[in-house]
Amino acid sequence: MKSGAEKSHSLIVPAKPANKAAQSAAELVEGSGGTERNAGRQRTVRTQSREAVSQAQARIREAVNRNKGEKLTALLHHISLDCLRWAFFTLKKDAAPGVDGLTWEQYAADLDRNLTDLHARVHTGAYRAQPSRRKFIPKPDGRQRPLGIAALEDKIVQAAVVAILTPIYEAEFLGFSYGFRPGRGQHDALDALAYGIQTRKVNWILDADIQSFFDSLSREWLVRFVEHRVGDRRIIRLIQKWLKAGVLEEDQWIETTEGTPQGAVASPLLANIYLHYVYDLWVEQWRRRHATGDMIVIRYADDSVVGFQHRRDAEHFLKDLKERLARFALSLHPAKTRLIEFGKFAAERRMRRGEGKPEMFHFLGFTHYCSSKRNSPGFQLGRRTQRKRMRAKLQEIKETLRRLRHTPIDEQGQWLGTVIKGYFAYFAVPTNTRLLSAFRAHISEQWYRSLRRRSQRHRLTWKRMGRLIDRFLPPVRVLHPWPDQRFRVMHSR
């Protein structure tokens, strides 16, 4: 097989510039044509790889539908060279390198040979997973979240295995599971929750958060759960290699005996598999057997919200849930797990008892609260940005503005506009316009102060600043429909 450099050279069309042109001119002609053709070839290869993976997933999906409940014993052959190439192109180009120090660009420089070698090692059993490089990132509550940054080849193999396993488990996962699944996102979970609270008899909300889930799950149970549907021992061994690779922290290798690295490519799917058997199937069975009234369930990764019609059902469920999780090395976070009165009649009932307004709960970055419709009587679920999320984002922007203080104003404005657009794309939901306006106003004030500190002899007035704000910062507008509208479209049945 030719190297990337040889293939590029073979695509060059010899040129004969007239009038004895200099050699540099000929090189310019050749280089331009080679670059364009290489770019076109890369697009073609990526398309072919994507089609090959789609065909492999379709074949697996057919096998799952034909043999429901049976283990799939031949899967590794789907980890083809095309599948590995597709997996490589799905990775982020600017992602931080792992312990191998390899970047995306470095690996791509000789991609064909690198992937051919990796493919051979995976299929002969010579592939060895490398430790994850541990990095800590700050959480909104001030604590630090440990992330495991895998080596580049580990990311490629994990992405390929996830692509092969996804159609198997998409046929298994239940409808109220939304986290890290194709075609589902955070707003789908938020819509389902809002629709359930609005249309069902929900009077109590259990906001349940599993404590240190990714660090605590039992690897023995995880492998047993995967083996329910996967009978190919070679795939099982790959997963075990990732779990046992350990982490590298400050050049010190640390063996880990439980959990899966948070941030690894395969971790979201493995987490969903674990919670499918530990939580989802159990909840579905509990609802059929024990619930005496309406009950709704929404889960996004390890964060779940359960709504009940009757308080006794909620208390019974919470007690049983703690016992269920304890069997599988998990526990609920004592500070983040709460049972509160909520729903259409919560405000009225609490007022009669002299207990004040209903409590609020947080889910996926939003604070959910009991409200009423503006122009007509009746209950309305209110949602606004969780304040600690907003404060953390503003602090991040403030620190970045300090670093960019002496860059051109137009560049600062374009960057801020991009940041606000991204923020609004997630948080611009109905009932949240007040906090969106506050967020934009805070950024405007931070930018104004930052620009005034560029020089002690500044001449920036607030009137001129207002023109900059209107030019670069997008206005506040609601970008998402009401939850029931989108939910009815997505689930027309």
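A crossing of two helices is left-handed if the near helix is turned anticlockwise from the far one by less than a right angle, and right-handed if clockwise. The structure described here is a predicted model, in which local features need pLDDT of at least 70 and side-chain atom pairs count only at pLDDT 80 or more, while totals for chains, interfaces and linings use all residues. Residues are numbered from 1 along each chain as its sequence is written, and side-chain values use heavy atoms, with hydrogens and water left out.

Helix α5 (residues 111–124) packs against helix α6 (residues 152–170) at an angle of about 65 degrees, and their axes are 12 Å apart. Axes are lines fitted to C-alpha atoms, for helices over the stretch in contact, with angles from 0 to 180 degrees between N-to-C directions. Angles under 35 degrees count as roughly parallel, over 145 as roughly antiparallel, 65 to 115 as roughly perpendicular and the rest as oblique; α5 and α6 are therefore roughly perpendicular to each other. Their crossing is right-handed. On the α5 side, Asn114, Leu115, Leu118, Arg121 and Val122 meet Glu153, Ile156 and Val157 of α6, where contact means heavy atoms within 4.5 Å.

Most residues other than glycine have a negative phi. Ala329, in the loop between α12 (311–326) and β8 (338–341), has a positive phi of about 65 degrees. Ala329 is partly exposed at a relative accessible area of 42% (buried means under 20%, exposed over 50%, partly exposed in between, with a 1.4 Å probe and protein chains only). Thr431 lies in the loop between α15 (409–427) and α16 (433–452) and has a positive phi near 80 degrees. Thr431 is also partly exposed, at 25% relative accessibility.

The whole structure contains 26 aromatic pairs. Rings of Phe, Tyr and Trp (its six-membered ring) pair if their centres lie within 6.5 Å; planes under 30 degrees apart count as stacked, over 60 as edge-to-face and the rest as tilted. The rings of Phe180 and Tyr300 have centres 5.7 Å apart and planes at 50 degrees, so this pair is tilted. Phe180, in the loop between α6 and α7 (186–199), and Tyr300, in strand β6 (residues 295–300), are 120 residues apart. Phe180 is partly exposed, at 48%, whereas Tyr300 is buried, at 12%. Tyr423 and Phe424 form a tilted pair, with ring centres 6.4 Å apart and planes at 55 degrees. Tyr423 is buried at 6% relative accessibility, and Phe424 is buried at 3%.

Notes: Helices (H or I, at least four residues) and strands (E, at least two) are DSSP runs, numbered from the N terminus.
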